[in-house]
Amino acid sequence: MKETLRLGHIAGVRVGVNWTVLVIFTLIFVGLAAGQFPMTYEGRPTWAYAVAGGIAAVLFFLSLLAHELAHAIVARRNGIEVEGIVLWLFGGVAKLLGEAEDPATDLRVAGVGPLVSLVLAAGFGALALAFSGLGLTGLPLAVVGWLAVINAVLAVFNLVPAAPLDGGRVLRALIWRRTGDRTRAAVAASRAGRTFGILLVALGLAEIILVPGFGGLWFMLIGWFIMAAAGAEEQHAQVTSRLGGVLVRDVMSHPVVTVPEHLSVAELVEQYVWASRHSSFPVVDGDGAPRGLITLGHIREVPAEQRHTTSVRATARPLDEVVTVTPATPLTEVLAPLSSSGERRALVLDEHDRLVGLVSTTDLTRAIELSELGRPHERTHL
Ligand SMILES: [Zn+2]
C-alpha cells in the first residue's frame, strides 16, 4: 500500500495515508453516526450523532496510529531501519526496511503493537467508567465505550498467531527462539497465516450465504489479504535464507560504464545509450567521483527538443537520493530498499566513496535463480 498523502513526521517516523483509508473511515463514521448511535440513544439531533461518530472515527485512527508508531519506534530503537507508517483499508502498516537480528527483538517489535492497543482499550474503558460515574451516560459514554471495545478487538485480532498479523510474528519469534532456525520459524508462521486467511474467506462466504449484508464480504477481503501477504512472506523467508551469506560484491556488475555529468542529454544518448546495451549509467564528476544515477526513464522525461540544452547533471537522480551499498553489504539487506527505489538499482561504493559497481533487481533475481539451481555461492568472507 503506497502512501497517497504524507501527513508528516511523528517522533521522527514518517506517517502517510493511502486513499483507501477513506473507505474504512466512511464505513466507521456512517456505521456509528447513522446506525449504532441513533439505535442505542434515540431522540438526539442528527448533528449530535454526526459529531459523536466523527470524534469516534478520528480517535480510532489515532489509536491505530499509536499501535503502528509503537512498532516503528521499538524497531528503530533496536537498530531496524523504518521507512514509515501508512494507514489504509485494513488499518495500518509500519514498513520496516530491515529485520530483527534475534528472536527477543522480533518479539518486542511485534508484541508492542497489541500491547498499546490493550492499554488504549483499558484507558478508554476507565474513561467510560468515569463518564458513567459523572452521569455522562449519553453519546460521550457511547464514544469512549466503542473505542474501548474496538481497541480490545484490534489487540485480540492482531494477536491471532498467523503472519502477517502481529501474533504471527510473535509465533515466529517463539519458534525461532526454540529452534534457532529463523527461516523455519518464518515459514511456519506464514503457513499459519495462510490457513487463517483461508478460514476467514470460508467464514465470510458462509456469512454471505446465511446472513444478508456486507459483513461477510469484509471477512472475505481481510482473509484474502492475509492469505496473499502470508504467501509473500513465506517466499521472502525462503529467498532470504537462500541468499544468506551472499554479498553485494558476489553479484554486482563491474566495471560499470560511467557518464560525465557535464554532458548534455543529447550527447549521452548519442555516445552512450546507442553505443551500449545498458539502461542506466552512474554519473560522475571530473574527478570520477559518483554524483548520481541516470536511467532511460529519466532521459525519456526530457522532451527531444530540450535534450541539447539539458545537462546530464540536471536530469540524473542525485547521489543522496540513490540507494548506495558497499561491496560487503549482505544481499538480504539490499532486497527491500532496492525494490522500493524508483530506479531499482543501487550504486556500490567502497569505503572511500569510490564507485566500484552497480547492483540491480535483475542481479538479485539472477542470484536467487542460481541458488535455486543449487549452485553454491562463492563466499567472499575473509
Ligand atoms: Zn501491529
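Predicted model: local features only at pLDDT ≥ 70, side-chain atom pairs only at ≥ 80, totals over all residues.
Trainee: At what angle do helix α5 and helix α6 pack, and how far apart are their axes?

Mentor: A helix pair is read from its angle and the distance between its axes. Here helix α5 (residues 166-179) and helix α6 (residues 182-210) meet at about 145°, and 8 Å lie between the axes.

Trainee: Which residues of α5 and α6 make the contact?

Mentor: From α5 come Gly168, Arg169, Leu171, Arg172, Ile175, Trp176 and Thr179. The α6 side supplies Arg182, Arg184, Ala185, Ala186, Ala188, Ala189, Ala192 and Gly193. Sorted by class, this contact holds 8 nonpolar, 3 polar and 4 charged residues.

Trainee: What does Pro103 touch, leaving out residues up to four places away in sequence?

Mentor: Pro103 touches Ala173, Trp176 and Arg177. Pro103 itself belongs to helix α3 (residues 103-133), while Trp176 is also one of the α5 residues in the contact with α6.

Trainee: Why does Pro103 count as partly exposed?

Mentor: The reading rests on a neighbour count, and a residue needs 20 or more other C-beta atoms within 10 Å to be buried. Pro103 has 19 C-beta neighbours inside 10 Å, so it counts as partly exposed.

Trainee: What share of the protein chain counts as buried?

Mentor: For the 382 residues of the protein chain, the buried share is 36%. The chain has 13 helices and 11 strands. Along the principal axes, its C-alpha atoms fill a box of roughly 80 × 55 × 40 Å. Of the contacts with a separation of 6 or more, 61% are between residues 24 or more positions apart.

Trainee: Now the sheets. In what order do the strands of the open sheet of 4 strands stand?

Mentor: The order is β1-β2-β3-β4, and the pairing is mixed. β1 (5-10) and β4 (91-96) are the edge strands; each has a single partner strand, so one side of each lacks a neighbour in the sheet. On average, neighbouring strands are turned by 20° against each other, direction ignored. Helix α2 (residues 46-77) packs on this sheet and touches β1, β2, β3 and β4, its direction making about 15° with that of β4.

Trainee: Do β2 and β3 run parallel or antiparallel?

Mentor: Strand β2 (residues 13-17) and strand β3 (residues 82-88) run parallel and are joined by 3 bridges. Within β3, Leu87 stands opposite Val17.

Trainee: How many strands form the sheet with the order β9-β10-β11?

Mentor: This open sheet has 3 strands, again with mixed pairing. Its edge strands, β9 (323-325) and β11 (355-360), each pair on one side only. The twist from one strand to the next averages 30°. Strand β10 (residues 345-349) runs antiparallel to β11, with 5 bridges between them. Arg345, for instance, has Ser360 in β11 as its bridge partner.

Trainee: Into which domains is the protein chain divided?

Mentor: Domain 1 covers 5-242 and domain 2 covers 248-372. Their centres, taken over C-alpha atoms, are separated by 39 Å. At the contact, 5 residues of domain 1 meet 6 residues of domain 2. The domain 1 side has 2 nonpolar, 2 polar and 1 charged residues.

Technical notes. Residues numbered from 1 in each chain as written. Pairing = 2+ DSSP bridges. Helix = DSSP H or I, 4+ residues; strand = E, 2+ residues; numbered from the N terminus. Axes fitted to C-alpha atoms, helices over the stretch in contact; angles between N-to-C directions. Buried ≥ 20, exposed ≤ 12 C-beta atoms within 10 Å, placed from the backbone. Contact = placed C-beta atoms within 7 Å. Domains from an automatic or database assignment. Nonpolar A, V, L, I, M, F, W, Y, C, P; charged D, E, K, R; others polar.
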